[in-house]
Amino acid sequence: MHQDPYVRIGRAKLFIFDLDGTVYAETEHFEAYARELASFLPEARREAFLEDARRALLHEGHAFYGHAFSRETGERVDVAEEDRPDRAYLHVDDPWGLLQVVAIRHGIGPRERDEAFLRTRDFMAGPFPMQPLGGLREAMEEIRARGGHVVLATNSPEPDSRAILRKLNLEDVIEDFVFRAVKPYRTEEHFRKWLEKYGVAPERAVSIGDHYRNEMRPAIRLGMLTIYIDRYIGRERPDVTLRLTHPGELGDVLMTCLRRAEEAEA
(Lines give C-alpha, C1' and ligand atoms only; values in the text may rest on other atoms or scores of the structure.)
Protein backbone atom coordinates (compact mmCIF):
# COMPACT_ATOMS: atom_id res chain seq x y z
CA MET A 1 0.00 0.00 0.00
CA HIS A 2 1.24 3.49 -0.87
CA GLN A 3 2.41 5.28 2.27
CA ASP A 4 1.50 8.84 1.25
CA PRO A 5 -1.85 9.51 2.97
CA TYR A 6 -2.84 11.96 0.24
CA VAL A 7 -2.30 9.33 -2.44
CA ARG A 8 -4.22 6.71 -0.46
CA ILE A 9 -7.19 9.03 -0.10
CA GLY A 10 -6.95 10.13 -3.72
CA ARG A 11 -7.23 6.50 -4.82
CA ALA A 12 -10.37 5.90 -2.76
CA LYS A 13 -13.67 5.13 -4.47
CA LEU A 14 -16.15 5.95 -1.70
CA PHE A 15 -16.24 9.24 0.21
CA ILE A 16 -18.68 9.46 3.14
CA PHE A 17 -19.27 13.02 4.34
CA ASP A 18 -20.77 14.32 7.54
CA LEU A 19 -22.86 17.51 7.29
CA ASP A 20 -22.53 19.88 10.25
CA GLY A 21 -19.04 21.14 10.87
CA THR A 22 -17.82 19.38 7.75
CA VAL A 23 -19.33 20.84 4.55
CA TYR A 24 -19.87 24.37 5.90
CA ALA A 25 -17.87 26.69 8.15
CA GLU A 26 -20.51 29.01 9.67
CA THR A 27 -20.80 29.19 13.47
CA GLU A 28 -23.21 32.08 14.05
CA HIS A 29 -26.14 29.66 14.35
CA PHE A 30 -24.85 28.60 17.77
CA GLU A 31 -25.99 31.96 19.12
CA ALA A 32 -29.47 31.17 17.81
CA TYR A 33 -29.30 27.74 19.46
CA ALA A 34 -28.41 29.33 22.80
CA ARG A 35 -31.38 31.71 22.51
CA GLU A 36 -33.72 28.85 21.68
CA LEU A 37 -32.47 26.89 24.69
CA ALA A 38 -32.93 29.95 26.93
CA SER A 39 -36.55 30.30 25.82
CA PHE A 40 -37.42 27.19 27.84
CA LEU A 41 -36.26 28.78 31.11
CA PRO A 42 -38.27 31.17 33.27
CA GLU A 43 -37.46 34.75 32.30
CA ALA A 44 -35.63 35.37 35.56
CA ARG A 45 -33.14 32.58 34.78
CA ARG A 46 -32.55 33.17 31.07
CA GLU A 47 -29.81 35.79 31.34
CA ALA A 48 -27.74 33.61 33.68
CA PHE A 49 -27.92 30.76 31.19
CA LEU A 50 -27.04 32.99 28.25
CA GLU A 51 -24.08 34.43 30.13
CA ASP A 52 -22.77 30.94 30.92
CA ALA A 53 -23.34 29.91 27.30
CA ARG A 54 -21.49 32.94 25.92
CA ARG A 55 -18.59 32.48 28.30
CA ALA A 56 -18.32 28.80 27.42
CA LEU A 57 -18.42 29.49 23.67
CA LEU A 58 -15.94 32.37 23.76
CA HIS A 59 -13.53 31.57 26.56
CA GLU A 60 -14.01 28.19 28.22
CA GLY A 61 -14.12 25.73 25.36
CA HIS A 62 -11.02 23.97 26.70
CA ALA A 63 -13.09 22.81 29.68
CA PHE A 64 -15.64 21.16 27.37
CA TYR A 65 -14.14 20.08 24.04
CA GLY A 66 -12.75 16.57 24.00
CA HIS A 67 -14.38 15.61 27.31
CA ALA A 68 -17.41 13.54 28.33
CA PHE A 69 -20.28 14.69 30.53
CA SER A 70 -23.22 13.08 32.27
CA ARG A 71 -26.46 13.55 30.34
CA GLU A 72 -28.25 13.70 33.70
CA THR A 73 -26.20 16.29 35.58
CA GLY A 74 -23.82 17.89 33.07
CA GLU A 75 -20.87 16.97 35.27
CA ARG A 76 -17.61 15.94 33.61
CA VAL A 77 -16.83 12.23 33.78
CA ASP A 78 -13.79 10.16 32.82
CA VAL A 79 -14.77 7.81 30.00
CA ALA A 80 -12.06 6.01 28.07
CA GLU A 81 -14.07 3.47 26.04
CA GLU A 82 -14.13 5.29 22.72
CA ASP A 83 -15.04 2.07 20.92
CA ARG A 84 -18.03 1.48 23.22
CA PRO A 85 -20.10 4.68 23.19
CA ASP A 86 -22.53 4.91 26.09
CA ARG A 87 -25.82 6.80 25.83
CA ALA A 88 -25.38 7.96 29.44
CA TYR A 89 -22.57 10.28 28.37
CA LEU A 90 -22.32 13.25 26.06
CA HIS A 91 -18.97 13.60 24.29
CA VAL A 92 -18.35 17.23 23.37
CA ASP A 93 -16.57 17.71 20.06
CA ASP A 94 -18.28 20.92 18.94
CA PRO A 95 -20.42 23.85 20.16
CA TRP A 96 -23.64 21.84 19.74
CA GLY A 97 -22.45 19.53 22.52
CA LEU A 98 -20.99 22.37 24.59
CA LEU A 99 -24.32 24.18 24.67
CA GLN A 100 -26.12 20.96 25.53
CA VAL A 101 -23.94 20.55 28.61
CA VAL A 102 -24.59 24.14 29.71
CA ALA A 103 -28.32 23.57 29.17
CA ILE A 104 -28.27 20.38 31.26
CA ARG A 105 -26.56 22.26 34.08
CA HIS A 106 -29.33 24.85 33.98
CA GLY A 107 -32.06 22.24 34.18
CA ILE A 108 -33.23 22.30 30.56
CA GLY A 109 -34.58 18.81 29.86
CA PRO A 110 -33.94 16.54 26.87
CA ARG A 111 -37.28 17.24 25.22
CA GLU A 112 -36.71 20.98 25.39
CA ARG A 113 -33.14 20.62 24.15
CA ASP A 114 -34.37 18.63 21.16
CA GLU A 115 -37.02 21.23 20.41
CA ALA A 116 -34.45 24.03 20.60
CA PHE A 117 -32.24 22.08 18.19
CA LEU A 118 -35.08 21.62 15.68
CA ARG A 119 -35.99 25.30 15.86
CA THR A 120 -32.36 26.21 15.20
CA ARG A 121 -32.28 23.86 12.22
CA ASP A 122 -35.41 25.54 10.84
CA PHE A 123 -33.64 28.89 11.19
CA MET A 124 -30.59 27.52 9.39
CA ALA A 125 -32.75 26.13 6.59
CA GLY A 126 -34.46 29.51 6.20
CA PRO A 127 -32.97 33.00 6.57
CA PHE A 128 -29.53 32.00 7.88
CA PRO A 129 -26.90 33.01 5.27
CA MET A 130 -24.43 30.27 4.30
CA GLN A 131 -21.56 30.20 1.84
CA PRO A 132 -20.28 27.14 -0.05
CA LEU A 133 -16.78 26.04 0.91
CA GLY A 134 -14.27 26.92 -1.76
CA GLY A 135 -13.54 24.02 -4.08
CA LEU A 136 -15.67 21.43 -2.27
CA ARG A 137 -18.27 20.94 -4.98
CA GLU A 138 -15.51 20.79 -7.60
CA ALA A 139 -13.72 18.10 -5.58
CA MET A 140 -16.92 16.06 -5.27
CA GLU A 141 -17.53 16.39 -9.01
CA GLU A 142 -13.96 15.26 -9.74
CA ILE A 143 -14.36 12.24 -7.45
CA ARG A 144 -17.46 11.21 -9.35
CA ALA A 145 -15.86 11.90 -12.73
CA ARG A 146 -13.15 9.40 -11.77
CA GLY A 147 -15.72 6.72 -10.95
CA GLY A 148 -15.92 7.37 -7.22
CA HIS A 149 -19.01 7.75 -5.07
CA VAL A 150 -20.02 10.62 -2.79
CA VAL A 151 -22.54 10.03 0.02
CA LEU A 152 -23.56 11.77 3.24
CA ALA A 153 -24.67 10.66 6.70
CA THR A 154 -25.92 13.13 9.30
CA ASN A 155 -27.69 12.97 12.64
CA SER A 156 -29.83 15.93 11.59
CA PRO A 157 -33.36 15.65 10.14
CA GLU A 158 -33.90 15.45 6.39
CA PRO A 159 -35.86 18.62 5.45
CA ASP A 160 -33.48 21.15 7.00
CA SER A 161 -30.40 19.15 5.97
CA ARG A 162 -31.51 19.14 2.33
CA ALA A 163 -32.27 22.87 2.51
CA ILE A 164 -28.77 23.51 3.87
CA LEU A 165 -27.21 21.35 1.17
CA ARG A 166 -29.12 23.28 -1.49
CA LYS A 167 -27.77 26.55 -0.04
CA LEU A 168 -24.29 25.08 -0.30
CA ASN A 169 -24.92 23.88 -3.89
CA LEU A 170 -24.10 20.30 -2.91
CA GLU A 171 -27.36 18.36 -2.84
CA ASP A 172 -27.35 17.27 -6.48
CA VAL A 173 -23.73 16.06 -6.50
CA ILE A 174 -24.25 13.71 -3.53
CA GLU A 175 -25.51 10.26 -4.55
CA ASP A 176 -27.05 8.92 -1.36
CA PHE A 177 -28.06 10.21 2.07
CA VAL A 178 -28.80 8.96 5.56
CA PHE A 179 -30.58 11.44 7.82
CA ARG A 180 -31.11 10.96 11.55
CA ALA A 181 -28.22 8.52 11.32
CA VAL A 182 -27.95 7.91 15.10
CA LYS A 183 -24.17 8.21 15.03
CA PRO A 184 -22.03 6.82 16.65
CA TYR A 185 -24.35 3.93 17.54
CA ARG A 186 -25.29 3.04 13.93
CA THR A 187 -22.33 4.50 12.04
CA GLU A 188 -20.79 1.15 11.17
CA GLU A 189 -24.14 -0.14 9.94
CA HIS A 190 -24.47 2.75 7.47
CA PHE A 191 -20.86 2.49 6.35
CA ARG A 192 -21.11 -1.27 5.77
CA LYS A 193 -24.25 -0.74 3.70
CA TRP A 194 -22.47 1.69 1.40
CA LEU A 195 -19.35 -0.45 1.13
CA GLU A 196 -21.53 -3.33 -0.03
CA LYS A 197 -23.76 -1.21 -2.27
CA TYR A 198 -20.84 0.23 -4.23
CA GLY A 199 -18.58 -2.82 -4.00
CA VAL A 200 -15.74 -0.89 -2.36
CA ALA A 201 -13.15 -2.41 -0.01
CA PRO A 202 -12.80 -0.54 3.32
CA GLU A 203 -9.24 0.53 2.53
CA ARG A 204 -10.60 2.35 -0.55
CA ALA A 205 -13.24 4.27 1.41
CA VAL A 206 -12.94 7.55 3.35
CA SER A 207 -14.97 8.91 6.25
CA ILE A 208 -14.90 12.70 6.46
CA GLY A 209 -16.22 14.44 9.57
CA ASP A 210 -15.62 16.63 12.59
CA HIS A 211 -16.72 14.30 15.39
CA TYR A 212 -14.13 11.71 16.35
CA ARG A 213 -16.48 9.17 17.94
CA ASN A 214 -19.24 9.63 15.38
CA GLU A 215 -17.23 9.40 12.17
CA MET A 216 -13.60 8.48 12.85
CA ARG A 217 -13.56 5.55 15.29
CA PRO A 218 -16.22 3.49 13.48
CA ALA A 219 -14.41 3.99 10.17
CA ILE A 220 -11.04 3.07 11.68
CA ARG A 221 -12.52 -0.12 13.12
CA LEU A 222 -13.71 -1.04 9.64
CA GLY A 223 -10.27 -0.39 8.14
CA MET A 224 -11.31 2.76 6.28
CA LEU A 225 -9.36 5.94 5.65
CA THR A 226 -10.32 9.11 7.51
CA ILE A 227 -10.21 12.90 7.23
CA TYR A 228 -10.81 14.40 10.66
CA ILE A 229 -11.71 18.09 10.90
CA ASP A 230 -10.51 18.95 14.40
CA ARG A 231 -11.68 22.54 14.73
CA TYR A 232 -12.15 22.67 18.50
CA ILE A 233 -10.22 19.99 20.37
CA GLY A 234 -6.73 20.40 18.90
CA ARG A 235 -5.52 16.90 19.78
CA GLU A 236 -3.11 14.85 17.71
CA ARG A 237 -4.75 11.67 16.45
CA PRO A 238 -2.15 9.29 15.00
CA ASP A 239 -4.89 6.83 14.02
CA VAL A 240 -6.57 9.20 11.53
CA THR A 241 -5.29 9.42 7.96
CA LEU A 242 -5.41 13.21 7.66
CA ARG A 243 -6.25 15.80 10.32
CA LEU A 244 -7.47 19.27 9.35
CA THR A 245 -8.21 22.22 11.61
CA HIS A 246 -10.99 23.94 9.64
CA PRO A 247 -13.64 22.78 7.14
CA GLY A 248 -12.47 25.49 4.75
CA GLU A 249 -9.39 23.36 4.06
CA LEU A 250 -11.40 20.41 2.80
CA GLY A 251 -11.88 21.33 -0.87
CA ASP A 252 -8.18 22.03 -1.45
CA VAL A 253 -7.10 18.93 0.48
CA LEU A 254 -9.37 16.65 -1.54
CA MET A 255 -8.12 18.11 -4.82
CA THR A 256 -4.53 17.65 -3.62
CA CYS A 257 -5.29 14.01 -2.84
CA LEU A 258 -6.76 13.43 -6.29
CA ARG A 259 -3.86 15.16 -8.02
CA ARG A 260 -1.21 13.21 -6.08
CA ALA A 261 -2.98 9.94 -6.81
CA GLU A 262 -3.00 10.78 -10.50
CA GLU A 263 0.70 11.66 -10.40
CA ALA A 264 1.50 8.40 -8.61
CA GLU A 265 -0.20 6.48 -11.39
CA ALA A 266 1.73 8.31 -14.13
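Three salt bridges (a side-chain nitrogen of Lys or Arg within 4 Å of a carboxyl oxygen of Asp or Glu) are counted between domain 1 and domain 2. This is a predicted model, in which local features need pLDDT of at least 70, side-chain atom pairs count only at pLDDT 80 or more, and totals for chains, interfaces and linings use all residues. Residues are numbered from 1 along each chain as its sequence is written, and side-chain values use heavy atoms, with hydrogens and water left out.

**Domains and their interface**
- Domain 1 comprises 5-24 + 132-264 and domain 2 comprises 28-125, with bounds from an automatic or database domain assignment.
- Their C-alpha centres are 25 Å apart.
- Contact (heavy atoms within 4.5 Å) involves 25 residues of domain 1 and 21 residues of domain 2.
- The two domains bury about 2100 Å² between them, 50% of it on carbon and sulfur atoms; this is the accessible area (1.4 Å probe) lost on putting the two parts together, summed over both.
- On the domain 1 side, Tyr185, Arg213 and Tyr232 lose the most area to domain 2, together 34% of what that side buries.
- Arg213 also forms a side-chain salt bridge with Asp93 (3.9 Å, N to O).

**Strand β5**
- All five residues of strand β5 (149-153; a DSSP run of E, at least two residues) are buried, that is, under 20% relative accessible area (1.4 Å probe, protein chains only).
- His149, Val151 and Ala153 lie on one side, and Val150 and Leu152 on the other.
- Strand β5 runs parallel to β1 (residues 14-17), joined by four bridges, and to β6 (residues 176-178), joined by three; pairing requires at least two DSSP bridges.
- Leu152 is the bridge partner of Phe17 and, in β6, is partnered by Phe177.

Technical notes:
Buried means under 20% relative accessible area, exposed over 50%, partly exposed in between (1.4 Å probe, protein chains only).
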